[in-house]
Amino acid sequence: MSLKNKRFEVMQFLEKDIDALVEKYLIPIESIWQPTDFLPNSETNDNAFFEEVKEIRELAKELPYDFWVVLVGDMITEEALPTYESWLMDVEGVDQVNGQTGWSKWVRQWTAEENRHGDVLNKYLYLSGRVNMREIEITTQHLIADGFDIGTDRDPYKNFVYTSFQELATYVSHNRVAKLAKDKGNKRLSKMCKIISGDEMRHHHAYSEFVERIFEVDPSQMMMAFHYMMKQKITMPAHFLRETGGKIGSAFEEFSNTAQRIGVYTSMDYIDILEKLIKRWEIDKISNLNDEAEKARDYLMKLPSRMFRVAERMKVPENSFQFRWVEPAIIK
């Protein structure tokens, strides 16, 4: 049997439990938080709305330039969900053609939860008065129009490694932003980012369980998929980020440097996530591997220490890049 057909069989085998997984890891729409829960109520007839907006704008003055760059980049990444959904709906075994099948149901409901993240951050940034919304909107449109290639093709095994990793990475980023906002006394923004990070952690656990279940029925090929993704490195979803007039990907490195400079997401976090996945999936204990998969396991077990030595030598630029998103540089 070809690898493609075997993966399709495994996806069909796992699909029988999708309803239980949706119930376990996703929250009913009527019960989950919505963006308006964290934003001023524009329906009020008194001055409460304007007072809350005024408070948002005053507290925003306490947040430094690099913080705004990271918050904008995080928001744009979340706003590009149409790209991520269209990619996952094309994965082998998802079957978006035949309506609400198990896997397509998961992807759609996961996307619906994720969509709230960009929505609430977008509205907050608009009200803050500290960023150039038109430039942000141009970048967002570029990112969706440019699409992305995360190196997974239509392979569900590789895609689930990617989403397991990426959901944990976004948890780290939003959680750190929440802490920075709290340290500056911005409780509203901190709470907003904290609850977003909670969603990301739930989603991480879901995709990680998908991988665990695949390891149980197809250990060698799942190990090879994990090896492949880590050898080529996990590409961040916003890796094609660009500003007005820029080439595809031209803004991503500077955004990453900014996130690393203020400790929101660093090369050490990347290694830590890898170690967490190795531990969670008990890579050292997986049995019934073929020779190629055994070699892949050895590579994975040694990879964190190798990456740590490289990360120790990395230097992050000290000077802030001038983004159009936050222009001119914020002056109190």
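Me: What makes α6 stand out in the lining of the second largest cavity?
Reply: α6 gives the most to that lining, with 3 residues. This is a predicted model, in which local features need pLDDT of at least 70 and side-chain atom pairs count only at pLDDT 80 or more, while totals for chains, interfaces and linings use all residues. Residues are numbered from 1 along each chain as its sequence is written, and side-chain values use heavy atoms, without hydrogens or water.

Me: Which residues line the second largest cavity?
Reply: Leu-88, Val-91, Val-94, Trp-103, Trp-106, Val-107, Phe-160 and Tyr-207. The volume is about 50 Å³. By class, the lining has 8 nonpolar, no polar and no charged residues.

Me: What makes a space a cavity?
Reply: A 1.4 Å probe fits at its points, on a 1 Å grid over the protein atoms alone, but cannot get out; lining residues have an atom within 4 Å of a point. The structure holds 2 cavities of 30 Å³ or more.

Me: Which residues are closest to the centre of the largest cavity?
Reply: Of its 17 lining residues, these are Tyr-84, Trp-110, Tyr-162, Gln-166 and Pro-237. Elements giving two or more residues to this lining are α4 (65-79), α5 (81-88), α6 (102-128) and α8. α8 gives the most, with 5 residues. The lining divides into 9 nonpolar, 4 polar and 4 charged residues.

Me: Why are α8 and α9 called roughly antiparallel?
Reply: The axes of α8 (residues 156-183) and α9 (residues 187-217) cross at roughly 160 degrees and come within 7 Å. Angles over 145 degrees count as roughly antiparallel (under 35 roughly parallel, 65 to 115 roughly perpendicular, the rest oblique). Therefore α8 is roughly antiparallel to α9. Their contact residues divide into 16 nonpolar, 10 polar and 4 charged.

Me: What is the handedness of the crossing of α8 and α9?
Reply: α8 passes α9 in a left-handed crossing. In such a crossing the near helix is turned anticlockwise from the far one by less than a right angle; clockwise would be right-handed.

Me: How do you know that the span of α6 is close to the expected one?
Reply: α6 has 27 residues and reaches 40 Å from first C-alpha to last, close to the expected 39 Å. The expected span is 1.5 Å times one less than the number of residues. Just after α6, Gly-129 takes a positive phi of about 70 degrees.

Terms used:
Axes are lines fitted to C-alpha atoms, for helices over the stretch in contact, and angles run from 0 to 180 degrees between N-to-C directions. Helices (H or I, at least four residues) and strands (E, at least two) are DSSP runs, numbered from the N terminus. Ala, Val, Leu, Ile, Met, Phe, Trp, Tyr, Cys and Pro count as nonpolar, Asp, Glu, Lys and Arg as charged, and the others, Gly among them, as polar. On a 1 Å grid over the protein atoms alone, a cavity is a set of points where a 1.4 Å probe fits but cannot get out, and a pocket is an open set with protein on both sides within 12 Å along at least five of seven lines; lining residues have an atom within 4 Å of a point. Grid points are joined across faces, edges and corners, and a volume is the space filled by probe spheres set on the points.
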